[in-house]
Amino acid sequence: MNNPVVIVGAGLSGLRAASLLAAEGVKCKVLEARDRIGGRVLSTSDPNRPDLGKFDLGPTWFWPQYERTITNLVKELNLGTFAQYTKGAMLSERFQNEPPERYILPENSVERSIRFIGGVQSLIDAVADTIPSGIIELETRVTAIQLDEAGAITVEAELADGKRKKVSANSVILALPPRIVARHIEFSPSLSPNIITDLVSKPTWMAGQAKAVAIYDHPFWRESGLSGFATSWIGPLQEIHDASPETGSGALFGFFGMPAKTRRELGEDKVLNLVINQLVRLFGTYAQDVKAILYKDWSSNSETAVEEDLDPLRDFPNYDQPPKSGVWEKKIIFAGTETNSQFGGHLEGALLAAEKAVFEITNLNNKY
């Protein structure tokens with residue numbers, strides 16, 4: 001095999017696939033449109049207050065009692081973790097102009113979830129460190145994939161300076177959200193209509209969502225016997241959790257009940273004012289004393305969301321592998337969390353999808 005396996009996307013699935021292939025001695029190349037690795041994983045700090053810590057604006061947790069693949073990888077990479085803080089009462093905001101109700105949840109009623117010291121980016125960086133240098137190419141946006149009559153694959157990409165490049169590939173792993181593949185990559189010959197229909201039908205996990213993180217000098221709500229967990233029918237945040245680092249500063253983060261189109265119409269400043277007002281309603285006047293606030297609206301990120309993703313999800317999507325058919329079978333392999341039927345949407349799903357893709361590649365190579 002002279003040409004590399006080309007992996008499109010440097011999120012967790014793409015990076016893990018590259019790591020596994022490199023360990024098997026299989027030549028590969030990772031092409032990533034963004035100027036960073038991680039995809040929907042994004043752990044960041046306030047540039048003016050980096051001392052407050054790093055906070056997750058993408059995925060936050062994993063569940064070791066169910067998710068063996070990520071649990072084993074975390075041990076293998078020797079990553080620091082800690083349990084999500086859940087001690088104390090939760091708050092429920094159900095009616096406008098009425099104080100939130102306070103509940104003590106029964107013991108063990110909240111599933112034990114685990115966070116990463118330094119955020120989920122620590123997992124991304126650790127996986128990337130297992131990949132030989134020179135394999136990952138950032139700011140390289142794949143726009144087209146061609147298959148000629150002899151079975152040779154050419155991947156076309158656009159670089160940050162507007163120049164274009166072509167990469168010959170033995171096969172291609174598409175470690176991208178299915179809708180991004182369908183809407184942003186041109187295939188020649190075209191993918192079959194049933195594959196396109198399947199790709200478009202899979203909502204990109206969390207693509208319509210945004211996250212806000214309000215950072216404080218310490219987790220003051222714990223002093224009042226609160227866990228930081230809250231639900232709201234009023235909003236703008238629908239679900240709130242303690243996002244504090246293991247030690248040091250305090251933080252609260254929330255998922256929005258407010259639709260993406262409404263957030264877009266209001267603009268970031270108004271949205272964040274509404275967030276602070278809500279936190280004050282729930283947790284008291286100390287919640288006004290925000291040291292920093294972080295915000296990421298994934299729906300406005302063109303590497304994550306397409307127009308269909310602006311509509312809020314009503315049910316959990318049906319995730320699985322696209323159907324195999326036509327000339328592209330065994331030439332392109334789909335990875336990414338949306339292709340895993342059991343853990344789609346989770347970090348675990350991304351890892352399992354990578355393992356499956358690499359298994360297909362290595363099996364294919366052994367046949368020739």
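Which residue, with a positive phi, follows helix 2? Let's find out in the first view, keeping in mind that this model is predicted.

**View 1. Helix 2 and the residue after it.** The residue is Asn78, which comes after helix 2 and has a positive phi near 60°. Within helix 2 itself, look for the buried residues Thr69, Ile70, Thr71, Leu73 and Val74. An α-helix has 3.6 residues a turn, so residues three or four places apart point the same way.

**View 2. Helix 1 beside helix 3.** Two packed helices are described by the angle between their axes and the distance between the axes. Here the partners are helix 1 (residues 12–23) and helix 3 (residues 121–128), whose axes come within 9 Å and cross at roughly 25°. Angles under 35 degrees count as roughly parallel, and helix 1 and helix 3 are therefore roughly parallel to each other. The crossing of helix 1 past helix 3 is left-handed. On the helix 1 side, the contact is made by Leu12, Leu15, Arg16 and Ser19, and on the helix 3 side by Leu123, Ile124 and Val127. Sorted by class, the contact of helix 1 with helix 3 has 5 nonpolar, 1 polar and 1 charged residues.

View 3. Follow the chain into the loop between helix 3 and strand 9 (136–137), and you will find Ile131. Is this residue buried or exposed? Buried means under 20% relative accessible area, so Ile131, at 8% relative accessibility, counts as buried. Leaving aside residues up to four places away in sequence, Ile131 touches Leu15, Ala18, Ser19 and Ile136. For a sense of scale, Ile131 and His184 lie 53 residues apart in sequence and 27 Å apart in space, C-alpha to C-alpha.

**View 4. The largest nonpolar core.** In soluble globular proteins, nonpolar side chains tend to be buried together. The largest nonpolar core of this model has 41 residues, and those with the most contacts inside it are Ile7, Leu21, Phe116, Leu123 and Ile173. Among the elements giving two or more residues to this core are strand 1 (5–8), helix 1, helix 2 (68–76) and helix 3. Helix 8 provides the largest share, 8 residues.

View 5. Not counting residues up to four places away in sequence, Leu21 touches Val5, Ile7, Val26, Cys28, Ile173, Val358 and Ile361. There is also a second, separate core of 27 residues, including Val6, Val8, Val181 and Leu191.

How values were computed: Residues are numbered from 1 along each chain as its sequence is written. This is a predicted model: local features need pLDDT of at least 70, side-chain atom pairs count only at pLDDT 80 or more; totals for chains, interfaces and linings use all residues. Side-chain values use heavy atoms; hydrogens and water are left out. Axes are lines fitted to C-alpha atoms, for helices over the stretch in contact, and angles run from 0 to 180 degrees between N-to-C directions. Helices (H or I, at least four residues) and strands (E, at least two) are DSSP runs, numbered from the N terminus. Angles under 35 degrees count as roughly parallel, over 145 as roughly antiparallel, 65 to 115 as roughly perpendicular and the rest as oblique. A crossing is left-handed if the near helix is turned anticlockwise from the far one by less than a right angle, and right-handed if clockwise. Contact means heavy atoms within 4.5 Å. Ala, Val, Leu, Ile, Met, Phe, Trp, Tyr, Cys and Pro count as nonpolar, Asp, Glu, Lys and Arg as charged, and the others, Gly among them, as polar. A nonpolar core is a set of buried Ala, Val, Leu, Ile, Met, Phe, Trp, Tyr and Cys residues joined through side-chain atoms within 4.5 Å. Buried means under 20% relative accessible area, exposed over 50%, partly exposed in between (1.4 Å probe, protein chains only).
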